[in-house]
Amino acid sequence: MRRFLATALFLSSALPVLAAETKGGFPPFNASTFAGQLFWLALTFGTLYLLMSRVALPRVGAILAEREATIESSLAQASKAQAAAEAEAQGLEQALAKAKANAQAIAQEARTKSAREIDAKRSAVEKDLAAKMVAAEASINETKTKAMGNVEDIAKDAVSAIIEQLSGKAPTAAAVTKAINAARGE
Amino acid sequence: MAQPGTIDPIHQFEIQKLVPINLFGFDMSFTNSALWMVIAVAVTTLVMVYGSASRSIVPGRLQSLAEMAYEFVANTLTGVTGREGMKFFPFVFSLFMFVFAANMLGMIPGSFTTTSHIIVTAAFAMLVITVVLVAGIVGHGSHFFGLFVPSGVPGWLLPFMVLIEVVSFVSRPISLSLRLFGNMLAGHIALKVFGAFVAALLGAGAAGILAPLPLLLAVALTALEFLVAFLQAYVFTILTCVYLNDALHPGH
């Protein structure tokens, strides 16, 4: 508004002087130039409109659209790659967990297997030892019985020898056996 | 021509024939005005066509400029009219770029500001209103004139309201053309006046000591005029968008 006022003030003060000075008055109001200005304006603005609407604007619009599409597809690609990487990492983690479980199972199996083997060996040894002990006990018993049999013979010999010393006459074997059995029978 | 030493701020608006051309009895001479129109178109074309020629995904300087201009006008247009307004995009874009380039080129010392002539701004305003009328009538038929009939107004008031709406519609091209014309004209006159003050004071002996004062003002005004050159192109464009919005959505 102030600019309008300034213009109006200026024109009202300057115009009368200027009208006298310049041919044809105030140039913007000189109607003889209107046709030429309109002609050149139509020509230049028409050219500009054609250049902009046919060449420049579709091209710039295409550039902007292409950039948007590029950015969008790049972003989509990036998020896809990220998802793939995450899936891969998850897969690796799973494989690792599986391998760990496997290793544990194998270790466990080996442990139980070796324990079983040791158990089997120990029981075999124990059985063997027990059998040997039984055999040894049997042999001791046999030896003992055998020795006890020998003791009777020795006692018989000793009895007959003692009696021979005392009576000067050797007793019969049957009498000695009878006497010993009688003594045992007490 | 003014005598040396006197202030003649109007001389810069004079149209000078560079190449006299006469077509069908009309004076169609190639003038300084026509020359600067051609330069405005050439500069805009350089940025928009040459700048976008490489079609690179990562833009260079000129392509950035072209994209910035594209997005600026596209955002302005869709912000006011919505997506449907994009069919007028080439028109609105050409309008903005022409007015903006003409205003900015006018800031070059010794150049000619084509938009400081009322016939040019009036032609643009009439073009805008014609496009609005044609688009409105083609798009909505007689329904377009519902624009002049506000809803929710008591019956006895309606004739007055319609009258006011019609007057406001008719005054649109007038205000549109006068705003741009007045701003460019006044700004350039003010610049010239303060510039001439500096020269006059320097030539006036002891008073020359005061010469920096109008010089400072001229510098400040130059900065302001650059802002105005952009702002008026923007205002012209956004008002065009607002009027186009009426043609696209006539209901109040």
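Which helices of chain B are included in what covers the buried residues of α6(B)? The legends below begin with that helix.

**View 1. Helix α6 of chain B and its cover.** What covers the buried residues of α6(B) includes α2, α3, α4 and α5 of chain B. Helices are DSSP runs (H or I, at least four residues), numbered from the N terminus. The model is predicted; local features need pLDDT of at least 70 and side-chain atom pairs pLDDT 80 or more, whereas totals for chains, interfaces and linings use all residues. Residues are numbered from 1 along each chain as its sequence is written, with chains lettered from A and ligands numbered from 1 in the order in which they are written. Buried residues (20 or more other C-beta atoms within 10 Å of their own, C-beta atoms being placed from the backbone; exposed, 12 or fewer; partly exposed, in between) of α6(B) include B:Ala233, B:Phe236 and B:Tyr243.

**View 2. B:Val219 in helix α6 of chain B.** B:Val219 counts as exposed because it has 12 C-beta neighbours inside 10 Å. The C-alpha atoms of B:Val219 and B:Leu191 are 8.7 Å apart, although 28 residues separate the two in sequence.

**View 3. The largest nonpolar core.** A nonpolar core is a set of buried Ala, Val, Leu, Ile, Met, Phe, Trp, Tyr and Cys residues joined through C-beta atoms within 7 Å. Of its 57 residues, B:Val92, B:Phe96, B:Phe98 and B:Val99 touch the most other members. Helix α2 (34-167) of chain A is among the elements that each supply at least two residues of this core.

**View 4. Helix α3 (residues 173-185) of chain A.** The number of buried residues among the 13 of α3(A) is 0, so this helix lies largely in the open.

Key: The expected span of a helix is 1.5 Å times one less than its number of residues. Two residues are in contact if their C-beta atoms, placed from the backbone, lie within 7 Å.
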